[in-house]
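The stops below go from the whole chain to single side chains.

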Amino acid sequence: MTTTRRTALLGALSIGASCAVLPGSAALAASTASSSGDRVVMLGVNGGPKLNSGQAKPAIALVVNERVYLIDCGYDTPNQLVKSGLGFTAVDHVFITHHHFDHTSGLPGLLLHGWTDPNPLPSKVGVWGPPGARRLVSGVRAAFGQDIDLFESGGGFGTFETVRGHDVELPRRHPLTTVMEDDNVIVHATRVSHGPEVRDPYAYRFTIKSSGKKVVFSGDTAAPNANLITLARGCDLLIHEAQDNDLLPVLLQYVPEAQRAAMKEHMLVSHSNVVDLPGVAKSAGAASLAFCHYTPLPQAASVFLAKAKAAAAAIGYTGTILAPVDLEVIAL
């Protein structure tokens, strides 16, 4: 597993009334367009509901046989698809890990702007996710029906395409369930743990038919998660959320005092400390480990990488560890 076309994340952490802004990697746009072969494009890797200038919310594109499978669809996803050179027309399916809007708020923009783009979304796009996915999809027309009608009648864009929403019901006890299969991939899912208030958080595994390679997306979860380890057993690449718990005291300084205890509890029981992730990868026998959904505050990806490598050395995990930034490409 190798990274390609990397733009270094610049700057050091600086905390004030608002978080430091670390430059994104817009320079990757042109070079990503010329990428070929099966690959992962990290469209957005910034976690949490707070918007941070220059950083994109969670969305990852798995590109297989030049078809795009989106995992999550954060606020910036439509624009990141354009920047990456992937565009809309190759997007066949969207897989939602859970119903937090940093993972879903880009879906209306994807469906609306993807419809009106000169190179539009395919006529039928599948949106897969925990119960509520169908309602999320149907809500786009409910919210934007007047706008859609105007473009249909006067904009020369044809009819707004029917989007297929699929509520994925995973059993409580069985660790692996087949979600979807097409000519390129087989998709399995499992339940993970993202705090008591989130009933249905999912992780996904994609098995690429042409090569047999397996790519696993953790979604948001607390590590180690037994179901995720089972899902990721022997995978080629595990893409896992990462949190730097050393920054939690800094974050809590900017949370109203009455909310600090609840915020601390949420961050500790719902997310994964980056130093625990090499252990997850080792338990699963994952060949490579990459990070996404960085929390709790913006800082250089190299900080996460250094902490993970130290932890890996301590436990003897020898797989490749990557700390990608927005629009970075991981070749499969």
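A contact means heavy atoms within 4.5 Å. Among contacts in the chain between residues at least 6 apart in sequence, 68% join residues at least 24 apart. This is a predicted model, in which local features need pLDDT of at least 70 and side-chain atom pairs count only at pLDDT 80 or more, while totals for chains, interfaces and linings use all residues. Residues are numbered from 1 along each chain as its sequence is written, and side-chain values use heavy atoms, with hydrogens and water left out.

Colour by secondary structure to find 9 helices and 15 strands (DSSP runs numbered from the N terminus: helices are H or I, at least four residues; strands are E, at least two). Of the 332 residues, 53% are buried (under 20% relative accessible area, 1.4 Å probe, protein chains only).

Next, select helix 8, residues 277–284, where L277, P278, V280, A281 and A284 are buried. Seen down the helix axis, these residues fall within an arc of 160°, so they line one face (the arc is that of the directions from the axis to the C-beta atoms). Their cover includes helix 5 (226–231) and helix 9 (301–315). Just past helix 8, G285 has a positive phi of about 70°.

Now show the aromatic side chains: there are 10 aromatic pairs (rings of Phe, Tyr and Trp, the last by its six-membered ring, with centres within 6.5 Å; planes under 30 degrees apart count as stacked, over 60 as edge-to-face and the rest as tilted). F95 and W128 are stacked, at 6.2 Å centre to centre and 10° between the planes. F95 lies in strand 5 and W128 in strand 6, 33 residues apart.

Definitions and conventions
Buried means under 20% relative accessible area, exposed over 50%, partly exposed in between (1.4 Å probe, protein chains only).
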